[in-house]
Amino acid sequence: MKEQLAAIVTEVESAVPALEKRAAFEAFKATISGPNGKLTAAMKGMKDVPKEDKPAMGKLLNETKQQIEALYAATLERIEAAETAEKLGPPIDPTLPCPDIASGSLHPLTQTRRLMEAAFRKVGFTVAEGPELETEWFCFDALNTPEDHPARDAQDTLFLPEAAAVDNVTKHGSERYLMRSHTSTVQIRAMMKEEPPLRIISPGRVFRRDTTDATHSANFHQMEGLYVDKNVTVVDLKAILDYFVAEIFGKGSTVRLRPSFFPFTEPSFELDMKTPNLGKLSNQWIELGGCGMVDPNVFRHVGYDPEKWTGYAFGMGIERIAMIVHGIDDIRYFYQNDLRFLQQFA
Ligand code: DAH
């Protein structure tokens with residue numbers, strides 16, 4: 001029986017290295033440990049072993065079983081590892097950088113807004129905010145815009161049904177709610193909150209009933225500016241704007257103020273800029289926005305004494321400046337989220 005057991009171990013030892021699949025392993029295992037297997041047969045032979053040899057034989061049988069079980073376990077482990085490796089495919093190096101992740105970047109309008117903010121912050125302006133949903137009073141009345149002004153027409157401004165009222169919009173009287181058509185509303189909100197002197201800019205989204213084309217969009221962005229102090233003059237306005245365009249468009253850039261009309265400024269100007277640093281667009285006047293000296297009626301609406309305080313205000317399109325800086329010829333590119341466009345600003 002001793003030889004029989006030794007022969008079984010030898011057989012298992014020599015057979016298992018060739019077993020590659022689970023089915024082959026199970027089939028082989030059955031020939032040794034199955035009901036008709038060789039080891040099972042050897043165990044059945046125990047009953048014929050003389051009584052005095054039984055303890056030693058029993059011990060040997062147990063050891064043999066353990067030896068064979070260990071061979072089975074190692075073989076099964078090897079087969080399973082191979083199966084897993086096959087499922088995973090070729091080996092990978094987890095320390096390699098991932099090739100597919102592109103790094104994100106700020107939207108060109110955000111970049112331009114931040115550039116504009118940085119220029120004004122350097123000379124003491126702080127950023128003020130106001131809601132996009134406004135009332136007619138903040139958007140028009142307080143800004144000295146008469147009842148019959150064309151901007152108040154429902155053709156140009158997006159008015160809302162009463163149900164759209166929200167908490168942070170205070171109504172004055174019974175005027176209607178609207179989506180603000182310019183950031184000039186924040187002039188009023190800032191002045192009602194604080195006493196002069198005041199120096200703010202306010203970037204944000206504005207809304208118009210415009211049909212979208214290369215230069216128009218129903219919503220776009222503006223940056224408002226307001227400075228209120230004693231003895232502020234047009235010279236101060238021209239100086240801050242000259243400073244600003246030099247910061248954004250480079251040395252040698254200047255501003256031209258063209259007489260115009262806005263209800264909330266007197267006198268009022270169109271704001272044009274000329275720079276030597278813009279390739280094809282160099283050395284020609286380009287319109288950036290509007291500006292002027294704050295109308296005394298606006299001061300009266302917010303409770304400032306117009307005999308004591310003076311101020312200038314300006315408003316510029318952020319898209320317009322981004323388009324000029326980057327040579328973009330269609331405003332719609334900003335809103336389409338096309339990566340081929342956006343990645344150029346990464
Ligand atoms: N709010 C004007 C607009 O949207 C722009 C503007 C003009 C703003 C003159 C001002 C200003 O602050 O003084 O067309």
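**Figure 1. Overall dimensions of the predicted chain.** In this predicted model, the chain has a radius of gyration of 42 Å, whereas a compact globule of 346 residues would have one near 20 Å. Along the principal axes, the C-alpha atoms fill a box of roughly 130 × 50 × 40 Å. The chain has 11 helices and 10 strands. Of its 346 residues, 41% are buried. The whole structure holds 18 salt bridges. Several of them are shown in the views that follow.

**Figure 2. The salt bridge between Lys-38 and Glu-11.** The closest N and O atoms of Lys-38 and Glu-11 are 2.9 Å apart. Lys-38 belongs to helix H3 (residues 38-44) and Glu-11 to helix H1 (residues 2-15), so the pair ties together parts that are 27 residues apart in sequence. Lys-38 is partly exposed, at 40% relative accessible area. Glu-11 is also partly exposed, at 25%.

**Figure 3. The salt-bridge network around Arg-152 and Glu-147.** Salt bridges link Glu-136, Asp-141, Glu-147, Arg-152 and Arg-176 in a network. Side chains of opposite charge can pair when their charged atoms come close. Arg-152 counts as buried because its relative accessibility is 5%, under the 20% cut-off. Glu-147 has a relative accessible area of 62%. That value is over 50%, so Glu-147 is exposed.

**Figure 4. A salt bridge between two strands.** Glu-287 and Arg-258 meet through their side chains, with an N to O distance of 3.5 Å. Glu-287 lies in strand E9 (residues 286-294) and Arg-258 in strand E7 (residues 254-262). The pair links distant parts of the chain, 29 residues apart. Both partners are partly exposed: Glu-287 has 37% relative accessibility, and Arg-258 has 33%.

**Figure 5. A patch of negative charge on the surface.** Four residues gather here: Asp-153, Asp-156, Asp-210 and Asp-213. Asp-156 sits in the loop between helix H6 (136-139) and strand E3 (159-160). The relative accessible area of Asp-156 is 35%, which makes this residue partly exposed. Patch members need over 30% relative accessible area and no salt bridge, so Asp-156, at 35%, clears the area cut-off.

Methods. Residues numbered from 1 in each chain as written. Predicted model: local features only at pLDDT ≥ 70, side-chain atom pairs only at ≥ 80, totals over all residues. Heavy atoms only, no water. Patch = residues over 30% accessible without salt bridge, like charges linked within 9 Å, V, L, I, M, F, W, Y side chains within 5 Å. Areas by Shrake-Rupley, 256 points an atom, 1.4 Å probe, with all protein chains shown as cover. Lys, Arg positive; Asp, Glu negative; His and termini not counted. Charge placed at Lys NZ, Arg CZ, Asp CG, Glu CD. Helix = DSSP H or I, 4+ residues; strand = E, 2+ residues; numbered from the N terminus. Buried < 20%, exposed > 50% of the residue type's maximum accessible area, 1.4 Å probe, protein only. Rg over C-alpha atoms; globule rule 2.2 N^0.38 Å.
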